[in-house]
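Student: I am new to this structure and would like to go through it with you, one question at a time. Could we look at the model together and begin with a single residue?

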Amino acid sequence: MIATDLVKEISIQQVTLDGEVYFKISNSDAMRPFFMSIVSDANHWLFISSNGGLTAGRKDSEQALFPYTTDDKITESAEITGSKSLFRIGAGSEQRLWEPFSERFDGLYQVRRNLYKSLYGNKIIFEEINEDLGLTFRYAWNTSDQYGFVKQSHLINHSGAPVQVDLLDGLQNIMPFGVPTDLQMRSSNLVDAYKKSELDPTTGLGIFALSAIIVDKAEPSEALKANVAWSAGLEKPTYLLSSRQLPFFRKGKDTDQELDVRGEKGAYFVRTQITLSADQEQSWIIVADVNKDHAALARLQQELAAQATLASQVRADIDRGTQRLLQLTGAADGLQHSADPLQDARHFSNTLFNIMRGGIFDHHYQIERDDFTNYLAKANRDVSREVALLLRELPPRFTQHYLQRLAAKSDHPDFQRLALEYLPLKFSRRHGDPSRPWNKFSINTRAEDGSKILDYEGNWRDIFQNWEALALSYPGFIESMIHKFLNATTFDGYNPYRVTKDGFDWETIEPDDPWSYIGYWGDHQIIYLLKLLELLEKHRPGSLGNLLRQELFVYANVPYRIKAFSDILENPKDTIDFDQESDQRIRAKREEIGADGALLTDQSGAIYHVNLLEKILATLLAKLSNFVPEGGIWMNTQRPEWNDANNALVGNGVSMVTLYYLRRFLTFWQKQIESATPETIAISGELHDFFSG
């Protein structure tokens, strides 16, 4: 319990609300605003401040429902973005205005504000208890895969007497569809000029679109999609599509229903009058979603017109989403029951955020033929054509063990390699949030037609760190993780920036972007690989020895060139050249054949294959060649070791972390080599020269 001032005391406790477990922060307004991520079982993203300011959308920041910007601006926008509720209590000249959660009313009423976050992290409730008026207002943010974002509102009368309420409730600063993030951040005033908000008065559906796609070209560009909002639970409300009339409501004046608003920030408000008897509660919902074409709008209008039980269907879909979230997390062993419920909740949260980064396997060890076939075609179109008959003969669904046996029988080295590194992961997304807007995230769970997508992507250290934990739940996939790891490392022993299902990426020099920079991210490379190797040896002892001489591995071809030693001595902070011509050739080859176009080839142009021992040596020698006695491993590739550098504050230097794990790495491999059957193993001549030197 934390005392923050003389009046309010903050406490946190576990409570049950409407049959669900929440963590309640009492007097949350006595704290500095803090930022939260509300999770979903689907492709929703929702970042919200404890003062109510938020941003939300689907898939990526380009499909935003509310403006996607930095977290400080989101917190500062609480009065103009997201939920806004106003109530006029009583009748005639005795009416009193109440605007929950608003700074305008600080000190006017005796209020208590509480915050509730669900045990599973997918629901957030804001509560204001007005002791003077005897009323409590709560609103919750939920997600529904079918309907979008759901604001559930509850007004409770605990005054002991009937009360008349004139309510105005809704959402502010709703984005139209089709506004790129950079354009919104840079030219929001221009975007406002293109905004068009329309109401279907029959169904109460709000439609938020652009009058035209914003382009700087003398050509027509129609906006063919829209974001939407609608409500249920209130009798015959009137609707507003902007915030322009809120001052009228605050002064007790009438408001006119808005049918068509142009050149203004979009909003969706419902207004109606209700009477609450003593201890009575009134509830309603406002639902909003993004990326609706004309057909989807027509279907939604029909549904709104025909379904009297739509609100209950929305709530049922929210509940199904919670169950799906439990299934996803449970599949990674995220559900536990111990004597400490707080520890159980922490374990659930850790596991959930782990699979949100690294992914979770779609259906245990089952593989779908269609996804594997698509993966192979994207990886290497030539290989896909050469094994087309084999692919057609695959059953619609088969096991990972079946695929491994199929690869072992194949005499096609690249089919073998691609089959062995295939991982049927879903639910993964890159690391990104409003605290670091340069990191672009994308949550690929469904295609435009609604079909399932299996996908993963992440920065190097993020995704392999997350796979270490996932490997404990799915040890049968450890070998595939190792193949993916090693096949994305370079001949000079380093790793690229990002790993995806479709290959890997590297950083490029962008003159107009001050954040752009190049360099090899070598931090934690040794320990991430070692943890996976140790897990494999523990799960399947001796299996590494069988891989030592099999040429099942390849090298990533990253267009970085480490400078000569004399050049590095001259400027130790400028150690890498970016090869523009090589970058263009690699990208052209990748367009031609698929992701394998970014692999190292021999002089004939064929993909260069090596064995496990060579891959281990390349990684090891890259570190040992930069060993500084009594210092550590010099991180000489323009990127620091994050742990040692304390998030890059130190900048350049030597890594003790890598040095310590290097010893453990050598001890592990000494045992493996000693117990291996072959006395000689072939390696590349260049690597032999490196080793000898």
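Student: Leaving aside its neighbours within four places in sequence, which residues is threonine 181 in contact with?

Tutor: This is a predicted model, in which local features need pLDDT of at least 70 and side-chain atom pairs count only at pLDDT 80 or more, while totals for chains, interfaces and linings use all residues. Residues are numbered from 1 along each chain as its sequence is written, and side-chain values use heavy atoms, with hydrogens and water left out. Contact means heavy atoms within 4.5 Å, and once the neighbours within four places in sequence are set aside, the residues in contact with threonine 181 are Ser61, Glu62, Tyr68 and Lys440.

Student: Is threonine 181 buried or exposed?

Tutor: Threonine 181 lies in helix H2, residues 181–186, where helices (H or I, at least four residues) and strands (E, at least two) are DSSP runs numbered from the N terminus. A residue is called buried under 20% relative accessible area, exposed over 50% and partly exposed in between, with a 1.4 Å probe and protein chains only. The relative accessibility of threonine 181 is 3%, and it therefore counts as buried.

Student: What is the length of the polar contact that joins the side chains of threonine 181 and glutamate 62?

Tutor: A polar contact is a pair of N or O atoms within 3.5 Å; within protein, one must be able to donate a hydrogen and the other to accept it, and residues adjacent in sequence count only if both atoms are side-chain atoms. For the side chains of threonine 181 and glutamate 62, the polar contact is 2.7 Å.

Student: How many salt bridges does the count come to?

Tutor: The rule asks for a side-chain nitrogen of Lys or Arg within 4 Å of a carboxyl oxygen of Asp or Glu. One of the groups found is a network of salt bridges that links Arg58, Asp145, Asp289, Lys292 and Arg446. By this rule the count of salt bridges comes to 45.

Student: Which side chain meets that of aspartate 462 in a salt bridge?

Tutor: Aspartate 462 is in helix H13 (residues 460–473), and its partner is in helix H7 (residues 341–358), 105 residues apart. Both members of the pair are buried. At 3.2 Å, N to O, the side chain that meets aspartate 462 is that of arginine 357.

Student: In what order do the five strands of the open sheet lie?

Tutor: Strands of a sheet pair through backbone hydrogen bonds, either parallel or antiparallel. Two strands pair here if DSSP finds at least two bridges between them, and three bridges join strand S7 (residues 82–89) to S8. Strands S8 (96–98) and S17 (238–240) stand at the edges, each with a single partner strand, so one side of each is left without a neighbour in the sheet. The pairing is antiparallel, and the order is S8-S7-S13-S19-S17.

Student: What kind of aromatic pair do tyrosine 375 and tyrosine 422 form?

Tutor: Rings of Phe, Tyr and Trp (its six-membered ring) pair if their centres lie within 6.5 Å, and planes under 30 degrees apart count as stacked, over 60 as edge-to-face and the rest as tilted. A search of the whole structure finds 40 aromatic pairs. For tyrosine 375 and tyrosine 422, the centres are 5.0 Å apart and the planes are at 55°, and the pair is tilted.

Student: Which helix is the place of alanine 618?

Tutor: Alanine 618 is buried, with a relative accessible area of 2%. With neighbours within four places in sequence left aside, alanine 618 is in contact with Phe491, Gly493, Tyr555 and Leu687. The place of alanine 618, within residues 612–624, is helix H19.
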